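Work through the exercises below with the sequence and the structure open. Try each task before you read its solution.

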Amino acid sequence: MNAPTLFGLCAAALVGIGLYGLIVNPRPLRKILAFNLVGTGVFLLFGAIARRGAAVGMDGDPVPQALLITGIVVAFSATALAVALVQRLFDEAGSVTLAPDAPAKAPVEPPDA
Amino acid sequence: MSLVLDIFTIVAVSAGAFFFLAGTVGLLRFPDTLTRLHALTKADNLGLGLVVMGLLPQAEQPFAVIKLIAIWLFALLAGATVGQLMARAARRERPTP
Amino acid sequence: MTIPDFLLAAAVFVLAMVALGLVRILRGPEEADRMMATQLFGTGGIAALLLLGVATQAKAVLDVALTLALLAAFASVAFARSASSSKGDDPKETSRQ
Amino acid sequence: MTLALAVDISLALLVLAVAGWIIAVRDTFGAVIGFVAYGLLLALVWVRLAAPDVALTEAAIGGGLTGALLIGAAARLRGTEAAARAEYPGAFTRTLAAVLAVTVAAALAIGVLALPDPAPTLAPAAAAASLATTGVGNPVTAVLLAFRAMDTLLEAIVVLLALLGVWSLAPDRAWGGCPGPRRPVDPDGVLAYLAQLLPPIGIIVGLYIFWIGADLPGGKFQGATILAAMWLLVIWAGLADTPPIGRTWLRVLLVAGPLVFIAIGFAGAITAGAVLAYPEGYAKPLIVAIEIALMPTLVLTLALLVAGAPQRIPPQ
């Protein structure tokens, strides 16, 4: 039981927790949070594998670590896009429910500062 | 000489850890927001400050010493402004009679 | 009981304090309480990071702590800004009546 | 080394506790606050996994930008809390979801435990291909810009496309306007004080972390994130306003970074025989040129992603 294996198991648990949250919670913002949990779980798995691949005088395999940096930045921009979508849904429909039979309400006019 | 530095590190870091304990206990036990804020800012400034001071002799290059002090100053600045902002937000949610 | 072991023990202790702060996040009646616990979380995290980094001679730990300290106030600023936007006036006006 | 393992175990348990709490807590705002703490803990985990570059990125993006983005959204959507409470799925769906989640986690755990013992690694290949030729000290930066330059190029374009996606969500009347609400903030308040004191130092730290990226953990993404955070701080304090997205200088700067990267990439096809290859001896200056060109693009893109879709037309 060394550090990479421990954090690898922690990553597996994070993916499980995130997946459960993604399915169960009805609110879109909570689904974004759960999706980020799944994402960070997968990144943590990458990190554990990179740590195991330490060779040639490096503490960790640089290739997955470079992919991780790229992954974190792309995950952030995907989260920003998702939040903007939820915000627009709220501005237009006045509610953020994803239920298909939601009553279509008159779009709430966002306050113009 | 290094023994004195080590003892200094142990004393300073334990004092810092104690202030973290005090701050967290204060955060949990105090009745309302503003008193908790008091406990929180203590833990922030003194806890981290003492830990940083304890780590100074362990730092190798002088540049690391500058960074350690800079980290503490940033945390102080963050703690001070956040304390103000939280007090304002708390006052707005429940204006004191 | 060398210095690195002591620092690692201190890091575990500070992490425990940070976990206790998590309880305040759970029970925090108001959002300002939760933000304060996050602030304590941030500072405790930086302290634990410094202790870990110096104990295990990990590379670039000071830069990570510098980034964390610099952005420590960021979440609270976002909170204060959103709290002030949704609740209208500024308590300074209310205190003048 | 049992003490170090004790640190790892307590860290892993803390991360799982915060993750479980983010999912379980009823109130969305509490979950978002938990996510900010979760981002910070992850930075510690990356330090324990000896990945300082990733720790820097996680600290800057996870601790700073994502937290601010989600807290702003949670505050704006506070009104929808009660309405959504009725839509919680029944016990049957929840148990099904739990079973699925546990099986996926168990499968991954078995995979982790069954990892091959001579751990497969690309470190020697990356070292031979990029470290030796480019003279860049930091292996991760060498991989980012030489060994796997294509990933970084595509990523810079993906982040730009995400920004276009966010901008395209602007209502018609606000098209070409400024993102984010403009709220009067008292000029002598605490926020204005912080926004005048912190950014100059933050810019220095950001540029420092960007510059050391060539030889030490750091680089353009981490530096750009810090600079973007400082700019957002100035905007939120009311000292500056988000630029209207119609400005040509903004659009030119947004496109400049990827264009320079593509130009140098295709120039490589002529001089060094392959796209995104660097001619002998010119690798490091070219890599630094690409990083400098990408910096303004990344700072603008990351900050405007947090600022959100345009909402108001600026007073002419």
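Helix axes are lines fitted to C-alpha atoms, over the stretch in contact, and angles between N-to-C directions run from 0 to 180 degrees. Helices are DSSP runs of H or I with at least four residues, numbered from the N terminus. This is a predicted model, in which local features need pLDDT of at least 70 and side-chain atom pairs count only at pLDDT 80 or more, while totals for chains, interfaces and linings use all residues. Residues are numbered from 1 along each chain as its sequence is written, and chains are lettered from A in the order in which they are written.

**Exercise 1.** Find how helix H10 (residues 220-236) and helix H12 (residues 283-307) of chain D are placed.

Solution.
- Step 1: the two axes come within 8 Å and cross at roughly 45 degrees.
- Step 2: angles under 35 degrees count as roughly parallel, over 145 as roughly antiparallel, 65 to 115 as roughly perpendicular and the rest as oblique. H10(D) and H12(D) are therefore oblique to each other.
- Step 3: residues are in contact if their C-beta atoms, placed from the backbone, lie within 7 Å. Among the residues making the contact are Phe221(D) and Trp231(D) of H10(D), and Leu294(D) and Val306(D) of H12(D).
- Step 4: sort the contact by class, with Ala, Val, Leu, Ile, Met, Phe, Trp, Tyr, Cys and Pro as nonpolar, Asp, Glu, Lys and Arg as charged, and the others, Gly among them, as polar. The contact has 13 nonpolar, 2 polar and 2 charged residues.

**Exercise 2.** Describe how the chains touch.

Solution.
- Step 1: of the 4 pairs of chains in contact, A and D share the most contacts.
- Step 2: 85 residues of chain D meet 72 residues of chain A. On the chain D side these are 62 nonpolar, 10 polar and 13 charged.
- Step 3: 5 residues of chain D contact 4 residues of chain B. The chain D side here has 5 nonpolar, no polar and no charged residues.
- Step 4: chains A and B do not touch, and their nearest C-alpha atoms are 20 Å apart. Chains A and C have no contact either, with closest C-alpha atoms 10 Å apart.

**Exercise 3.** Is Asp63(C) buried or exposed?

Solution.
- Step 1: a residue is buried if 20 or more other C-beta atoms lie within 10 Å of its own, exposed if 12 or fewer, and partly exposed in between.
- Step 2: Asp63(C) has 25 such atoms, so Asp63(C) is buried.
- Step 3: Asp63(C) sits in helix H3 (residues 61-70) of chain C and touches Leu56(D), Ile209(D), Pro217(D) and Gly218(D), leaving out residues up to four places away in sequence.

Note on methods:
Two residues are in contact if their C-beta atoms, placed from the backbone, lie within 7 Å. Helices (H or I, at least four residues) and strands (E, at least two) are DSSP runs, numbered from the N terminus.
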